[in-house]
Every structure is written in structure tokens, then in C-alpha cells.
Amino acid sequence: MKGVILAAGKGTRLFPVTYHIPKPLLPLANRLTLEYAFDRLREIEVRDICIVVGENEPQLRSALGDGARFGLSLSYVRQTHPQGLAHAVGFAREFVDDEPFVLYLGDAIYSKGFQDHARRFVESGCANLNLVQWVEDPRRYGVATLDGERIVKLVEKPKNPESNWAMAGLYFFGPQIWEVLPDLQPSARGEYEITDTIQLLIDRGHTVLAGIYDGVWYDSGTLDSFLEVSRFLINNGRIIDPTARVKAEIGDAVVIGAGATVECTRIEDSVILPGARVKIDGEIQHCLLGGTVFSEDPLKDAILYEG
């Protein structure tokens, strides 16, 4: 089985940090975000991986190379312009050929692996298996309607969901996807949706299964979710790189990267990126900071990268 990681997004909800550092390369617990995807894919013996990139291609190639240092073989393909997840998948057609593959969203973090789901996908011979998870409010997700173990209907971000089963961001596909992808039409928001692609598989009689995920699934694309992931990865503790210089009271859930200098009265629930120079008159709370950041006032709920 091969792997496809979608990493072409600009990460606009984390600007200005992601203007300087592509979101897939942002450090989480002082590791690149994509390293967590690599971990999960190696667990299911997927080592031949294509990363779908965008304008961030030079930075990703430079940081990740051929993948050898991660125990992987990495290829890259560029999505010419963003038009949805299914549009991005199409660029990996030549890489995948007719082999089964697992599709991974580059900013997703999972608390446990997918070994059982990968095994079930292979043994079942189905066209597609998708991770789903029961959520209280599924309206911001793709929502699956189940009949036993099968998915019989999918709707992207419905106003009135028919179920609470949210698509959890990981998909296993057989070669049947290439039969339906050319017939996909843009959605109302002008994008080629992966949920619509899967619905085409269902409509044409292919077997589409649900894999119920009982771990915790995170999306690291906003300040709140990025810091939530950080808290999870460090168990609400702290990671201070030995080369960082810190003059502050350090509270819970703090990560400070290599070579950073931080001066403030107190810091908590925040991430300071490698090499940052931060001097604040007061406390730092719930922030993501990089570059050179000076302020005569306390900082709270801030994303800053200056200089």
C-alpha cells in the first residue's frame, strides 16, 4: 500500500506564522507536524509516500528531502491551484498507479494508530474504508450515514445532519477511485469534495466501509486547535529546548524551541518557535510566537511572527 499526504494548504488561519513557516513544517512538541503523519504511516507499513504540495514545495523539499532520514521514500507532486481535497488527490494518480493507498490530511494528529483499519481494508477487498467518529455537533465535518458497517450516504458540512458520524480525516482507497474521479463535479462552494467522490463510489455499487475510530483526533489548523494538540503531545507539561534561554516563570503547557530567547514575567499554554526572540512586559498566555516579538503589554490569544 502507498501513502498520499495532502499538504498544499496555505494555513491562513495561522498567519502570519505560516507566511514564514509552511503549516506542515510547524513544530509541535518540537517535531515537524508531518513527522506525526510519518509515524502513523510507518505503523501500517506504508513507506512509499507522495506529498501533494503547493506554493510551499521548495520549503518542504528542503526540509524533508527524499525521506531517508525518516525511514521513508518521499515523492512530491504539485497541486497547481487549490480546488478541494479530491482535486488534490488527482495529482497523485501517476504515483499511486493502480495500487491501494491511504490518504492522510497533513495537519491531522491522531492519538492512536490504524493497524486494525488497514488490515480490515485489505482483507475486505472494499473500494474504500473511511475513519469515522461520533461527535456531538457534526455540522462542520463530512457526515456519514451508516447501514451496519457500510457507509450508504455522505454529505459535506450539512446544516441538518442525518447522523453524528463525522469523517475523521483518513481514507483507504482501492483503484476504483480513478474510475469515478473524472466524473466528479464541483460542489456548491466550487470545490471537488472527497465526500462527493466517495458518494460516487457508493452510487455505482462499490462497497464503502466505515472504520470507527476510538482514539482522539486533532486538527492543528487554528490557534486553539494547534495549542490543544501541543497540550496533548506534552501531556500538559513543558518542553524547553536545552539551547533556549528563558527568563520567566514557566507554567503548564509550554514549548520553547531551539535557540529561542524568551523574557517575560510568566508564560503558559504557549509555543515559542525555534530561533524566536521574545521580550514581553507582562505575561504570555495562549500564544504562538516566532521571529522577533517585543511588546510593552502582556500577550494573550496571539499569533505573531515579526521581523
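How many of the ten residues of helix H8 (residues 194-203) are buried? Eight of them are, so helix H8 is largely enclosed by the rest of the structure; buried denotes under 20% relative accessible area, exposed over 50%, and partly exposed the range in between (1.4 Å probe, protein chains only). The buried set comprises Ile-194, Thr-195, Thr-197, Ile-198, Gln-199, Leu-200, Leu-201 and Ile-202. Helices (H or I, at least four residues) and strands (E, at least two) are DSSP runs, numbered from the N terminus. After H8 comes Gly-205, with a positive phi near 90°.

The model is predicted, and local features need pLDDT of at least 70, side-chain atom pairs count only at pLDDT 80 or more, and totals for chains, interfaces and linings use all residues. Residues are numbered from 1 along each chain as its sequence is written, and side-chain values use heavy atoms, with hydrogens and water left out.

Lys-157 is located between strand S10 (150-156) and strand S11 (165-173), and its relative accessibility of 38% makes it partly exposed. Asp-301 occupies the loop between strand S22 (299-300) and strand S23 (303-306); with 47% relative accessibility, Asp-301 is also partly exposed.

A further backbone feature is the cis peptide bond between Phe-15 and Pro-16, with omega about 5°. Pro-16 belongs to the loop between strand S1 (2-6) and helix H1 (17-20).
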